[in-house]
Amino acid sequence: MRTTLRPRKATVTMAALTALSALALAACGGGGDGEARPGPGDATTGTSLKGEKIEVAAVWTGPEQENFTKVLKEFEKRTGATVTFVPAQDPIVNFLGTKIAGGSPPDVAMLPQVGAIQQAAAQKWLKPVGPETKAQLAANYSPGWQRLGAVDGTQYGVYFKAANKSLVWYNTAVFENAGATEPKTWKEFLATAETISASGVTPVSVGGADGWTLTDWFENVYLSQAGPAKYDQLAKHEIKWTDPSVAAALTTLAELFGKPALLAGGTSGALQTEYPVSVTQTFTGGDQPKGAMVFEGDFAAVNIAQTKAKIGTDAKVFPFPVIGSGTAPVVTAGDAAVALKDTKGAQALLAFLASPDAARIWAAEGGFLSPNKNLDPAAYPNDVQREIAKALIGAGDDFRFDMSDQMPQSFGGTPGKGEWKALQDFLKNPKDVAGTQARLEADAAKAYRAAAKS
């Protein structure tokens, strides 16, 4: 889940945080059977695509791929088209470049970074959305979410899937046994971690093998501590990574990363733990899991569903803690559908993905958050996810988008390089704040120079 002049990365601010404070609700609710119900605004009404073949490329695997395929199956049912899911490698822009060079691009691709949309548009790979999609976007999306899919005023993307990346999920049995309560500040968070550690359970599970999780840690700390203005400047590289505000954020992170006893598996274990495992190991083993808490987005619900834990009872969530005198951050991200071929099928699929009908299908499966303001919250499978969704929609355009996703992909979105690698090295040696800053700035400067030339 990763993600410019770049539209701003999303973070929901105080208005949404009022709603987010209700996240730790007790019971799972019903609602949302996942069946699409055509209505007056149905994007596929009267659309016949019989005989058309559409390829859709995305980096989704496992449950995410399965759930997205259900959306595509509904589109097939409505239109008669045949839709094929094409597994893509990350970074997807490189994958698409290879496909285009070979003369066989997919019809539609799901781009997980704002920077990827910018890069693909600069390469002239993308086709503008058609009038049907524009109508769906105007009816269903706030201006901010529309702008995130546009480049220089031309609309290319439909943000089908969003993410609230400022949540900490926790094992309720561990908290109850330790006598721990949900922390609201960073100081309280660290104290809670120590309390849980004293009870005999390692408190924090970190998926450090996937560098993007570490960028999310940094962004939440930075946004809360440095504030939105600095966040915007750093996202555009208007200030350098050697700025004192970056040093302050890394120093704060080191208060956790510098204590291996608080990390599941210690430092080496965290660096070898992939994101899905960081979640499942938090909710496996009853009240003796490998970790008591795991920080990540609403999409963690997909991984929790692979365990026996029930969201709302065994697994609850609280907002990312406030740092110092700052405000509580909420960083968001998303996946946008773009057309690489200007065909009737590609345009019809984009229009469908911009409709509440398409969002309803995946919402019912869990692990999904839609920026579509006309999606009925009842579509979500439990109260926890409903509250997360209401907070996102309630924020309107008062948000920031994930910082690394706004940056050139070579810096902010490539495994083993740039920010991902620098923060993995920092997790390994959190005392090296100045060295980490120097590496981040060197890599960022190189990436932005290259982006400016393209």
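Colleague: How do the side chains of Lys-230 and Asp-243 meet?

Modeller: In this predicted model, Lys-230 and Asp-243 form a salt bridge, with 3.5 Å from N to O. Lys-230 belongs to helix H10 (residues 228-235) and Asp-243 to the loop between H10 and H11, so the pair ties together parts that are 13 residues apart in sequence.

Colleague: Are those two residues buried or partly exposed?

Modeller: Lys-230 has a relative accessibility of 28% and counts as partly exposed. Asp-243 has a relative accessible area of 16%, which makes it buried, because the cut-off for that class is under 20%.

Colleague: How many salt bridges does the count come to?

Modeller: The count comes to 15 salt bridges. One of them joins Arg-78 and Asp-357, whose closest N and O atoms are 3.1 Å apart. Arg-78 lies in helix H2 (residues 62-79) and Asp-357 in helix H16 (residues 356-363), so this pair ties together parts that are 279 residues apart in sequence.

Colleague: Buried or exposed, Arg-78 and Asp-357?

Modeller: Arg-78 is buried, and Asp-357 is buried as well. Both also belong to a network of salt bridges that links Glu-74, Arg-78, Asp-357 and Arg-360.

Colleague: And which salt bridge do the side chains of Lys-259 and Glu-194 form, N to O?

Modeller: Lys-259 and Glu-194 meet at 3.4 Å, N to O. This pair links distant parts of the chain, 65 residues apart: Lys-259 is in the loop between helix H11 (244-257) and helix H12 (266-272), and Glu-194 is in helix H8 (residues 186-198). Lys-259 is partly exposed at 41% relative accessible area, and Glu-194 is partly exposed at 35%.

Colleague: Changing topic to strand E12: how many of its residues are buried?

Modeller: Nine of the nine residues of E12 (residues 331-339) are buried, so the strand is largely enclosed by the rest of the structure.

Colleague: Which residues point which way from E12?

Modeller: Val-331, Ala-333, Asp-335, Ala-337 and Ala-339 point one way, while Thr-332, Gly-334, Ala-336 and Val-338 point the other way. In a regular strand, side chains alternate between the two faces of the sheet. In E12, the residues pointing either way are all buried.

Colleague: Which strands does E12 pair with?

Modeller: E12 pairs with strand E4 (residues 108-111) in the antiparallel sense over four bridges. Strand E7 (residues 158-164) also runs antiparallel to E12, and six bridges join the two. Strand E13 (residues 400-401) runs parallel to E12 and is joined to it by two bridges.

Colleague: Which residues stand opposite each other in these pairings?

Modeller: Val-108 has Ala-339 of E12 as its bridge partner. Val-158 stands opposite Ala-337 in E12.

Colleague: How many aromatic pairs does a search of the whole structure find?

Modeller: The search finds 27 aromatic pairs. Among them, Trp-145 and Phe-401 are edge-to-face, at 6.2 Å centre to centre with 75° between the planes. Trp-145 lies in helix H6 (residues 143-148) and Phe-401 in strand E13, so the pair ties together parts that are 256 residues apart in sequence. Trp-145 and Phe-401 are both buried.

Colleague: What about Trp-212 and Phe-299?

Modeller: Trp-212 and Phe-299 form a tilted pair, at 6.1 Å centre to centre and 55° between the planes. Trp-212 lies in helix H9 (residues 211-226) and Phe-299 in the loop between strand E10 (293-295) and helix H14 (300-304), so the pair ties together parts that are 87 residues apart in sequence. Both residues are buried.

Colleague: Which residues do ring pairs link into a cluster?

Modeller: The cluster consists of Trp-186, Phe-189, Trp-217, Phe-257, Phe-295, Phe-320 and Phe-426. As for a charge over a ring, Lys-161 lies over the face of Trp-362, at 5.4 Å from the ring centre.

Colleague: One last topic, helix H20: how many of its residues are buried?

Modeller: Nine of the 11 residues of H20 (residues 418-428) are buried, so the helix is largely enclosed by the rest of the structure. The buried residues include Trp-420, Leu-423, Phe-426 and Leu-427.

Colleague: What do the buried residues of H20 pack against?

Modeller: They pack against H9, H11, H12, helix H18 (403-406), helix H19 (409-412) and helix H21 (433-453).

Notes. Residues numbered from 1 in each chain as written. Predicted model: local features only at pLDDT ≥ 70, side-chain atom pairs only at ≥ 80, totals over all residues. Heavy atoms only, no water. Buried < 20%, exposed > 50% of the residue type's maximum accessible area, 1.4 Å probe, protein only. Pairing = 2+ DSSP bridges. Phe/Tyr/Trp six-rings, centres within 6.5 Å; stacked < 30°, edge-to-face > 60°. Lys NZ or Arg CZ within 6 Å of the ring centre and 35° of its normal. Salt bridge = Lys/Arg side-chain N within 4 Å of Asp/Glu carboxyl O. Contact = heavy atoms within 4.5 Å.
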